There are 2 protein chains.
Amino acid sequence: MNTTNKNYTIGVDIGGTKMSAVLFDGAKILADYTLATPKDNLEHFMIMLNALIEPLLDKARQDQVLVKNIGVGVAAILDYQEKKVLNAPNIPLLNGQKLLACLETRLNLNIRLDNDANCFTRAEAKIGAGKKYKNVFGITIGTGIGGAWWFNEEIYLGAHGGAGEPGWLVIDYQNGIRLEEAYHKLVQNNPASLAEEAYRGDILAEKFYQEFGHYLGINLANIVNIIDPEIIVLGGAVINSSDLFLSKTKKSMRSFIKSETARKIKVVKSSLGEKAGAIGAAMLFS
Amino acid sequence: MNTTNKNYTIGVDIGGTKMSAVLFDGAKILADYTLATPKDNLEHFMIMLNALIEPLLDKARQDQVLVKNIGVGVAAILDYQEKKVLNAPNIPLLNGQKLLACLETRLNLNIRLDNDANCFTRAEAKIGAGKKYKNVFGITIGTGIGGAWWFNEEIYLGAHGGAGEPGWLVIDYQNGIRLEEAYHKLVQNNPASLAEEAYRGDILAEKFYQEFGHYLGINLANIVNIIDPEIIVLGGAVINSSDLFLSKTKKSMRSFIKSETARKIKVVKSSLGEKAGAIGAAMLFS
């Protein structure tokens, strides 16, 4: 095979609720596939991951292109040296697993592993909403809240691999409550159904989204007061309901940024949508 | 003059309470001088600034070295392009002043201007407590709370010059209270006298410092969760009373850092002491 010059990569995004895969040629998605993330055991998880990837390998075969590389983004803290999942709060069956070794044994492909918010931010910075900018902070709001910073043409990992965790910023120092905790409490672990209620006119649901919008705004201001990016790109499923909170978010953000010039920062929605994470995973090879 | 090869620079640190100047040969302080910061009007301020610098120029003349350069750090938000003081909350007479132009007219020297916390952090990162590290976050706690990040061999300014403002991180999102506001309220604008009371055994004063220590610790955790530096260096007058709060700070910090590996971050006190800011200002020319 590989009778053509084409170079296909598979990108996989493993989130707390869904897992998606794309077949990517470096510029566009050729095929994509999504399944629910299995939560019962690792064996089932690996079978479904295979099932997710197989149709894309088929498509590549039809195009007579051999896929050599697969990038995987996962909603977890990773040990980048040991290629191990340290903590995946919403996919606990992966905790402590050497996911890379598991995958390499099953699939005869080169595999690279990364955090899902890093993948989202890489894709948005390189070909998405941040493509005109050099200093891009990405935030994903879905089952959990993740983040990453694109700076100097790469994801900034920090001195100990601990950078880019906006969900851990504390919203109430006295009681030690983090943004992610407040978010889970407000949306009761079901942001989509809460959004539906808010759209139907439920005042309490609307109020929850406004409160979340305010918290998110101060969170963005905190990020700006520390690193002052050019642009912040928001992604994750909750962004589909952004009209319930985004104007509140921007207003709260601006009133808590110290530097007048930094208040001009752009806050935009993902332009790649639900596939951003999987595209950014494929980009681990570009 | 300049009959020797010596290269002397003057560094000035203009804070909300005191202003200090050093004569610096690139490695050590040859002479230094401190005065109270005049608060009445710009004319008086400029006279006292001259009075601060003159003894150091005298010392250089004695050594037969001509001083050509003077770096000035000021506790203010600066417009780096216009070389203008935008906002100096604790030295309001400087607001809106083109300080660089004022100084150049009065002193026949090359002048560079910078934020005081940037100067502190530059000095500590290059020759102080952070000299063995490449990724250093500096925080000054004095009349106000300032900060700066030393990364890639320079102070990171951000996309709009608004980075490095830990005093603006919000400690209570619901009520919109920033760390600097909580600090001012806790120490009642007189940290030294509150520290004295705490050392004399005043339980309320001790409690205030413990509370401040807790807030500062979460603040450091927030910084780590965003940029994960190698080391955090604390400076400013309040650090003289660090035994009242620093162990509390470290404990609170560690419990709010997400990444296990990042929890190993070092938090240390300034090794250059009160002259760090002035040394870092002199280093604007090295």
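Me: In what order do the five strands of the open sheet with β10 run in chain A?
Reply: Strands here are DSSP runs (E, at least two residues), numbered from the N terminus. Two of them pair if DSSP finds at least two bridges between them. The pairing in this open sheet is mixed, and the order in chain A is β10-β9-β8-β13-β14.

Me: Which strands of chain A are its edges, each pairing on one side only?
Reply: This is a predicted model: local features need pLDDT of at least 70, side-chain atom pairs count only at pLDDT 80 or more, and totals for chains, interfaces and linings use all residues. Residues are numbered from 1 along each chain as its sequence is written, and chains are lettered from A and ligands numbered from 1 in the order in which they are written. The edges in chain A are β10 (154-155) and β14 (266-269).

Me: Which residue of β9(A) stands opposite N135(A)?
Reply: Strands β8 (135-141) and β9 (145-151) of chain A pair in the antiparallel sense, over seven bridges. Opposite N135(A) stands F151(A).

Me: What angle does the direction of α3(A) make with that of β8(A)?
Reply: Helices are DSSP runs (H or I, at least four residues). Contact means C-beta atoms, placed from the backbone, within 7 Å. α3(A) touches β8, β9, β10 and β13 (231-235) of chain A. With axes fitted to C-alpha atoms (for helices over the stretch in contact) and angles from 0 to 180 degrees between N-to-C directions, the value is about 130 degrees.

Me: Which residue is the bridge partner of I14(A) in β4(A)?
Reply: β1 (9-14) and β4 (69-74) of chain A pair in the parallel sense over six bridges. The partner of I14(A) is V74(A).

Conventions
Two residues are in contact if their C-beta atoms, placed from the backbone, lie within 7 Å.
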